[in-house]
Amino acid sequence: MPLPRSPLRAPHRSDARRNRAAIMRAAGEQVALGRPMPSLRQLADATGLGQATVYRHFSDRRALLLAVTREQVAVLRRVAERDADDPAAFRALLRGVLVHQVSMRPLVDELRRLPRPDQLGQVRGLLDALRVPFARSQAAGHLKGDVVLDDLPIVFTMLQAAVDSAPDPGTARRAIPVLLDGLFHARP
């Protein structure tokens with residue numbers, strides 16, 4: 001008897017891969033506009049796929065949310081790898097993560113409502129993507145020596161407090177350089 005398909009495993013058939021890509025693209029477009037994660041029914045309508053097809057790929061919104069965030073972390077990894085030879089690039093990379101956090105408030109809010117193990121898994125994935133550029137930046141003297149990778153979730157939480165209390169995203173964005181200045185040595 002064949003094993004059931006894992007929601008984490010990519011489909012093998014080309015039409016299934018196209019369908020999954022269309023669902024992820026439609027969800028990503030909504031998130032990029034700063035909107036909440038669409039329902040699976042809305043995604044079926046947006047992609048022209050049947051609801052059963054969407055549910056074959058994602059059993060529920062949680063599965064879709066986790067897939068979208070994994071994809072965003074994969075993009076972050078590619079950017080980090082692209083700039084691997086420049087230890088000074090970590091500041092810009094981290095700034096991008098923080099700007100993304102502010103601009104994607106609905107997505108962040110949904111992630112904060114996930115069960116604690118899912119939240120911790122997402123944070124761990126993000127930290128894993130930042131680990132090598134963080135170490136290179138610190139070794140090159142850009143990042144302060146007393147900062148550790150596990151301090152970054154505290155920075156994310158501090159920024160989220162600014163987002164939660166700010167009347168508009170522009171106000172919260174002003175906190176980003178302040179947070180970065182606390183982590184990095186002054187630029188020459």
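**Before you start**

The model is predicted: local features need pLDDT of at least 70, side-chain atom pairs count only at pLDDT 80 or more, and totals for chains, interfaces and linings use all residues. Residues are numbered from 1 along each chain as its sequence is written, and side-chain values use heavy atoms, with hydrogens and water left out.

**Stop 1: salt bridges**

Side chains of opposite charge can pair when their charged atoms come close. Here a salt bridge is a side-chain nitrogen of Lys or Arg within 4 Å of a carboxyl oxygen of Asp or Glu. The structure holds eleven of them.

Select arginine 13 and aspartate 15. Their side chains form a salt bridge, 2.8 Å from N to O. Arginine 13 is exposed, at 55%. Aspartate 15 is partly exposed, at 29%.

Next, select arginine 62 and aspartate 118. This salt bridge has its closest N and O atoms 2.6 Å apart. Arginine 62 sits in helix α4 (residues 61-82) and aspartate 118 in helix α7 (residues 116-139), so the pair ties together parts that are 56 residues apart in sequence. Helices (H or I, at least four residues) are DSSP runs, numbered from the N terminus. Arginine 62 is partly exposed, at 37%. Aspartate 118 is buried, at 14%.

Now select arginine 105 and aspartate 109. Both lie in helix α6 (residues 105-112), four residues apart, about one turn of the helix. With Arg105 and Asp109, they are linked in a network of salt bridges.

**Stop 2**

Select leucine 66 and glutamine 122. Leucine 66 is in helix α4, and glutamine 122 is in helix α7. They are 56 residues apart in sequence, yet 7.9 Å apart in space, C-alpha to C-alpha. Are they buried or exposed? Leucine 66 is buried, at 8%. Glutamine 122 is buried too, at 17%.

Show their contacts, meaning heavy atoms within 4.5 Å. Residues up to four places away in sequence are not counted. Leucine 66 then touches Leu114, Asp118 and Gln122. Glutamine 122 touches Leu66, Thr69, Arg70 and Leu111.

**Stop 3: the nonpolar cores**

In soluble globular proteins, nonpolar side chains tend to be buried together. A nonpolar core is a set of buried Ala, Val, Leu, Ile, Met, Phe, Trp, Tyr and Cys residues joined through side-chain atoms within 4.5 Å.

Select Phe90, Leu94, Leu98, Leu130, Leu152, Phe156 and Leu183. Of the 30 residues in the largest core, these touch the most other members. The elements that give two or more residues to this core are α4, α5, α7, α8 and α10 (175-183). Apart from it lies another core, of 22 residues, including Met24, Val31, Ala63 and Leu111.

Stay with leucine 183. Leaving aside neighbours within four places in sequence, leucine 183 is in contact with Leu94, Leu143, Lys144, Val147, Leu152 and Val155.

**Stop 4: the largest pocket**

Rolling a probe the size of a water molecule over the atoms shows where empty space is left. On a 1 Å grid over the protein atoms alone, a pocket is an open set of points with protein on both sides within 12 Å along at least five of seven lines; a cavity is a set where a 1.4 Å probe fits but cannot get out; lining residues have an atom within 4 Å of a point. Grid points are joined across faces, edges and corners, and a volume is the space filled by probe spheres set on the points.

The largest pocket holds about 920 Å³. Select Gln101, Val108, Leu111, Leu126 and Phe156. Of the 27 lining residues, these are the closest to its centre. Elements giving two or more residues to this lining are α4, α5 (89-103), α6, α7 and α8 (152-165).

**Stop 5: the cavity**

How many cavities of 30 Å³ or more does the structure hold? There is one. The largest cavity has a volume of about 80 Å³. Select its lining: Val79, Ala80, Asp83, Ala84, Asp86, Pro87, Ala89, Phe90, Leu93, Pro133 and Arg136. Helix α5 gives the most to this lining, with three residues.

Note on methods: Buried < 20%, exposed > 50% of the residue type's maximum accessible area, 1.4 Å probe, protein only.
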